[in-house]
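Thanks for asking me to look over this one with you. Below are my notes, as numbered points to read with the model open beside you.

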Amino acid sequence: MPDASFDLHARDRTVLITGGAGGLGAPTAEIFAAAGARVLILDRNDAAGLELARRINATQGREAHFIHADLAAIENVSAQVRELAVRHRVDILINNAAVYPSKEALAYSLSEYEQVQRINATAAFACSQAVLPGMIERRWGRIINISSITFGRGWSRLAPYVISKGALIGLTRALAREFGEHGVTVNAVCPGAFPTEAERIQGDAAEYEQYVLGNQCVKRRGTPADFAYALLFLASDYAGFITGQSLNVDGGWVLQ
């Protein structure tokens with residue numbers, strides 16, 4: 001966690017994090033709160049979301065709210081986020097929520113494919129639409145889309161997920177071009193392999209860890225803080241001249 005001297009200008013900003021109750025979302029919420037931000041946690045896991053908000057409020061003295069949302073219900077989520085943008089003045093949007101079913105490409109039904117796109121990509125577009133009017137009015141805003149290094153490498157048994165993460169790169173570039181003149185920056189962060197629940201789809205944990213470390217330049221596993229601090233920087237005033245970019249946070253797995 002940041003100490004009292006750590007300040008990337010998050011103080012008094014409001015950050016909305018989709019999928020904010022688990023995986024890399026929860027530690028990101030805690031680190032943004034520690035840096036002084038108000039945190040809105042959007043997730044469908046009520047127990048985890050409520051506990052995270054309670055913990056942030058109790059231990060950090062920051063304002064945190066949990067909002068139940070199912071990103072597959074795009075119209076409902078769009079309305080929810082528009083209301084939140086008015087009530088809480090959303091300054092920073094982190095489109096983090098994702099699902100990642102794993103099987104051979106030929107085994108997916110079209111409905112399964114469309115569900116992944118809906119949650120991982122279409123919901124990000126809808127949430128961005130909902131917060132952009134306020135950002136434009138204030139002439140300041142940050143949108144950070146969580147893509148993946150799987151888009152840069154390709155990855156077997158994850159075709160709909162990889163496609164959705166590519167869509168987020170396209171969304172990043174399109175919104176950056178359109179809204180930069182209004183003081184809004186839009187960037188993507190592409191995490192590598194972090195030891196979260198998502199790794200269960202990879203099978204043997206020890207074998208997978210050896211595979212990860214063999215591919216990374218940095219020979220240790222990434223931590224949630226490694227991921228969250230990259231987001232915190234892109235959300236800060238220090239990153240005001242960075243937009244339309246994709247940042248790999250992966251220990252040097254993919255080199256660009």
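1. Let us start with a phenylalanine. F125 is partly exposed, with a relative accessible area of 39%; here buried means under 20% relative accessible area, exposed over 50% and partly exposed in between, using a 1.4 Å probe and protein chains only. F125 sits in helix α4; helices (H or I, at least four residues) and strands (E, at least two) are DSSP runs, numbered from the N terminus. Along the sequence F125 and L168 are 43 residues apart, yet their C-alpha atoms are 8.6 Å apart in space.

2. A word on what you are viewing. This is a predicted model, in which local features need pLDDT of at least 70 and side-chain atom pairs count only at pLDDT 80 or more, while totals for chains, interfaces and linings use all residues. Residues are numbered from 1 along each chain as its sequence is written, and side-chain values use heavy atoms, with hydrogens and water left out.

3. On confidence, the protein averages a pLDDT of 93, and 95% of the residues score at least 70; pLDDT is the predictor's confidence in each residue, from 0 to 100. Over residues 1-6, however, the pLDDT is below 50, and this stretch has 11 contacts in the model beyond near neighbours in sequence. Contact means heavy atoms within 4.5 Å.

4. How many cavities of 30 Å³ or more does a search of the whole structure find? The search finds one, and the largest cavity holds about 40 Å³ of space. A cavity is a set of points, on a 1 Å grid over the protein atoms alone, where a 1.4 Å probe fits but cannot get out, and lining residues have an atom within 4 Å of a point. Grid points are joined across faces, edges and corners, and a volume is the space filled by probe spheres set on the points.

5. Which residues line the largest cavity? They are T18, L71, N95, N96, A97, I119, N120, A123, A124 and C127. Helix α4 (residues 110-138) gives the most to this lining, with five residues. By class, the lining has six nonpolar, four polar and no charged residues; Ala, Val, Leu, Ile, Met, Phe, Trp, Tyr, Cys and Pro count as nonpolar, Asp, Glu, Lys and Arg as charged, and the others, Gly among them, as polar.

6. N96, one of the cavity-lining residues, is found in the loop between β4 and α4. N96 is buried, at 14% relative accessible area. Leaving aside neighbours within four places in sequence, its contacts are I17, T18, G19, G25, I146 and F227.

7. Now the cysteines. With a disulfide taken as a pair of cysteine sulfur atoms within 2.5 Å, the count comes to zero disulfides. C127 is in none, and the nearest cysteine sulfur, that of C190, is 19 Å away. C190 is too far for a bond as well, because its sulfur is 16 Å from the closest cysteine sulfur, in C217. C127 is buried at 0% relative accessibility, and C190 is buried at 5%.

8. The largest pocket has a volume of about 1,100 Å³; a pocket is an open set of grid points with protein on both sides within 12 Å along at least five of seven lines. Its lining has 43 residues, of which G23, A98, Y100, T196 and A198 lie nearest its centre. The elements that give two or more residues to the lining are β2 (38-43), α5 (149-153) and α6 (159-179). The lining divides into 25 nonpolar, 12 polar and six charged residues.

9. Helix α8 (residues 224-234) has F227, A228, A230, L231, L232 and L234 as its buried residues. Their cover includes α1 (25-34), β4 (92-95), β5 (141-146), β6 (184-191) and β7 (246-249).

10. R89, in the loop between α3 and β4, has a positive phi of about 55° although it is not a glycine. R139, in the loop between α4 and β5, has a phi near 60°, also a positive value in a residue other than glycine. R89 is partly exposed at 31% relative accessibility, and R139 is partly exposed at 49%.
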